[in-house]
Amino acid sequence: MKKKNVSVGRVITKRDPRKDWRLYMFLLVPLIYIIVFKYMPIGGLVIAFKEYKVRKGIWGSDWVGFENFIKFFESYQFWRVLKNTVILSVYTIAISFPFPVMFALMINSVRNEKFKKVTQTIVNMPHFISTIVMVGIVFSVFNSRTGLYGSLMHSITGSWPEDLFASPANFRHFYVWSAVWQNFGWDSIIYTAALSSVDPSYHEAAEIDGASRLQRVIHVDLPTILPTIITMLILRMGSVMTIGFEKVYLMQNSLNLSASEIISTYVYQVGLSAQGNGNFSYATAIGMFNSVINFVLVVVVNKISKKVSETSLW
Amino acid sequence: MKNNTKIKHNQDRLYYAICYTGVSILTLIVLYPVIYVVSSSFSNADLVVQGKVWLWPVDINLDAYEMLFNYKNLWSGYANTIFYTVAGTVINLVVTLCCAYPMARKNLRGRNQIMFLFSFTMMFSGGMIPTYILVKNLGIMNTRWALLLPSAMSVYNMIVCRTFIQTNIPEEMLEASQIDGCNDTQFFFRMILPLSKPIIAVLALWYAVSHWNSYFSAFLYLKDSSLYPLQLFLREILFASKRIVETDGMIEAGASISTNISVVMQYCVIVVSTAPLMCIYPFVQKHFQKGVMVGSVKG
């Protein structure tokens, strides 16, 4: 992944831009797109420092400085949503990171090609299930009355179990483990590909030296994919604060809010939901706080990554 | 020495046994909920709620499907989703290719600066509210454009595409064509497009799946239910009846047939909305995997 100078022995001379006008024409639409739909919202962040009024527009509204940020930092919601975001994210990484590695190592040891193919096809499949359907399946199967969980518990204990989705603690478990279920197969692809590049002569040499299969996994396979593992882990760390809105919002209910209100859902709640008061400026300030932390994390993590493994995003 | 090989052999056998069982168990864990959902959708509603269905359909019955197919919104949702998927993917491909082609030229003046402009947006964004205000100000709120334009290109996919062009289409080819009098536009249509077919297929699949599954922008930007994609109706069906169960609280098992059938209807709707993707998926998964690999090698 390191930047290589592909054109070895060739000096890249920048051409006269006038000769390349056709190439710039190709860039016209993408540039307009990126400026309108990506940079204009970034410009729109100024309303975090204003008291946005629809009538006055983004530029006409009055400046209030850091008032919105201070209001957020001082509100009781601040620590709650920050804590929930970090806990949910760290829990997700801690659980969902090792599974694909383990699975890749195991399936790499499988010698029956047909078995390999069939299992891989099956475990990759849930990756294509939409968030809504995913959450719908969890809710249906674990419903304490009508779902498999309810009837199973009823037939064992003779009474109906409690509603699993009413507990804030369970929210996190369901969120994380359903993500593992959905993605471990897909996430393992990158490791299985790295494993397929292991030089077979290493395995042969180790075998001659009397290494068992497990020893070969530990001393040959694992070191080969270690750089990939480290890179993936570092990149994953950089996105600690970017937990998406979609799944959390669907899994939220009034009973688990104390664990399920994270920054992105809170932004929606304050700015756009029917119950919120449509406070655009305040919501933007909260969102911007999150974006800035994200940005700093990505930059820092990338610096570390460059030092540690000589791989980086850019 | 012989003893050693024997021990080693036994160890290996144990190791392989663990691998095969581990892989099998994980596969079954993935497969089981899927089978359960499909089986339940074809079963008698009362028996599903009573927990009589645990693997295969029991007392096969299509009442819930019939009810679902009579639900008009399902069809308008389906039609809308197909429209958003097709139109969205076409827009995505055009914009992505138009961007990746010049960015793959190493000697284009200003290339690094323009590249920075694109990749910066992967790390920092305006977020939910400013984008919402923008969509509103552009006057595309509550129109089909609101689902197509804001996501016209993914920078990540553009980089994947650029990398593909850089590594698969040698510069000598460009030079040769230029000597033959081919300009940059002709080169794009005659050389880049035909030679990029594999990556175009991968990108088309990625974009199409993301359009098919997305609900977020429709949820934020659409008010008019005749424009809703399938996923929003799914949300209504899957989560509305959950709320009914929640508020009723103490519904006893088998209380009323209508509730039971609505439970099974949820399974049906999951099957109906996901089936198209699942049917195509085994045939195209190779391409998806290839895409993951191209994406992991950055130029």
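This is a predicted model: local features need pLDDT of at least 70, side-chain atom pairs count only at pLDDT 80 or more; totals for chains, interfaces and linings use all residues.
**Stop 1: chain B as a whole**

Select chain B. It has 14 helices and 0 strands. Read from the N terminus, the elements run α-α-α-α-α-α-α-α-α-α-α-α-α-α. Of the 299 residues in chain B, 35% are buried. Now turn to its contacts between residues at least 6 apart in sequence. Of these, 74% join residues at least 24 apart.

**Stop 2: where the chains meet**

**Stop 3: helix 1 of chain A**

Select residues 21-44 of chain A, which form helix 1. Look along the helix for a bend. It falls at Leu28(A) and comes to about 35 degrees. A proline, Pro30(A), follows within four residues.

Next, show the side chains. Buried in this helix are Leu23(A), Phe26(A), Leu27(A), Pro30(A), Ile34(A), Phe37(A), Lys38(A), Pro41(A) and Gly44(A). What covers the buried residues of helix 1 of chain A? From chain A, the cover includes helix 2 (57-60). From chain B, it includes helix 4 (72-103), helix 5 (111-123), helix 6 (128-137) and helix 10 (184-195).

**Stop 4: helix 6 of chain B**

Stay with one of those covering elements, helix 6 of chain B. Is helix 6 of chain B enclosed or open? Of its 10 residues, 8 are buried, so the rest of the structure largely encloses it. The buried ones are Met128(B), Ile129(B), Pro130(B), Thr131(B), Tyr132(B), Ile133(B), Leu134(B) and Val135(B).

Step past the end of the helix. Gly139(B) follows helix 6 of chain B, and its phi is positive, near 75 degrees.

Go on to Asn142(B), in the loop between helix 6 and helix 7 (145-148) of chain B. Asn142(B) is not a glycine, yet its phi is positive, about 60 degrees. Most residues other than glycine have a negative phi. Is Asn142(B) buried or partly exposed? It counts as partly exposed, because 14 C-beta neighbours lie inside 10 Å and a buried residue needs 20 or more.

**Stop 5: helix 9 of chain B**

For a contrast, select residues 171-179 of chain B, which make up helix 9. This helix is hardly covered: the count of buried residues among its 9 residues is 0. Just after helix 9 of chain B, pick Gly181(B). Its phi is positive, about 90 degrees.

**Stop 6**

Pick Ala201(B), in helix 11 of chain B, residues 197-213. Ala201(B) is partly exposed, because 15 other C-beta atoms lie within 10 Å.

Now pick Ala193(A), in helix 10 of chain A, residues 189-195. Ala193(A) is partly exposed, with 17 other C-beta atoms within 10 Å. Draw a distance to Asn108(A). Along the chain, Ala193(A) and Asn108(A) are 85 residues apart, and their C-alpha atoms are separated by 9.6 Å.

**Stop 6: a helix pair in chain A**

Select helix 11 (residues 200-208) and helix 12 (residues 213-238) of chain A. Their axes come within 10 Å and cross at roughly 140 degrees. The crossing of helix 11 of chain A past helix 12 of chain A is right-handed. Which residues make the contact? Helix 11 of chain A supplies Tyr202(A), His203(A) and Ala206(A). Helix 12 of chain A supplies Arg216(A), His219(A) and Val220(A). By type, the residues of this contact are 3 nonpolar, 2 polar and 1 charged.

**Stop 7: the domains of chain A**

Finish by colouring chain A by domain. The assignment gives domain 1 as 13-65 and domain 2 as 69-309. Taken over C-alpha atoms, the centres of the two domains of chain A lie 33 Å apart. In the contact, 6 residues of domain 1 of chain A meet 5 residues of domain 2 of chain A. The side of domain 1 that touches domain 2 has 4 nonpolar, no polar and 2 charged residues.

Note on methods: Residues are numbered from 1 along each chain as its sequence is written. Chains are lettered from A and ligands numbered from 1 in the order in which they are written. The bend at a residue is the angle between axes fitted to the seven residues ending there and the seven starting there. Helices (H or I, at least four residues) and strands (E, at least two) are DSSP runs, numbered from the N terminus. A residue is buried if 20 or more other C-beta atoms lie within 10 Å of its own, exposed if 12 or fewer, and partly exposed in between; C-beta atoms are placed from the backbone. Two residues are in contact if their C-beta atoms, placed from the backbone, lie within 7 Å. Axes are lines fitted to C-alpha atoms, for helices over the stretch in contact, and angles run from 0 to 180 degrees between N-to-C directions. A crossing is left-handed if the near helix is turned anticlockwise from the far one by less than a right angle, and right-handed if clockwise. Ala, Val, Leu, Ile, Met, Phe, Trp, Tyr, Cys and Pro count as nonpolar, Asp, Glu, Lys and Arg as charged, and the others, Gly among them, as polar. Domain bounds come from an automatic or database domain assignment.
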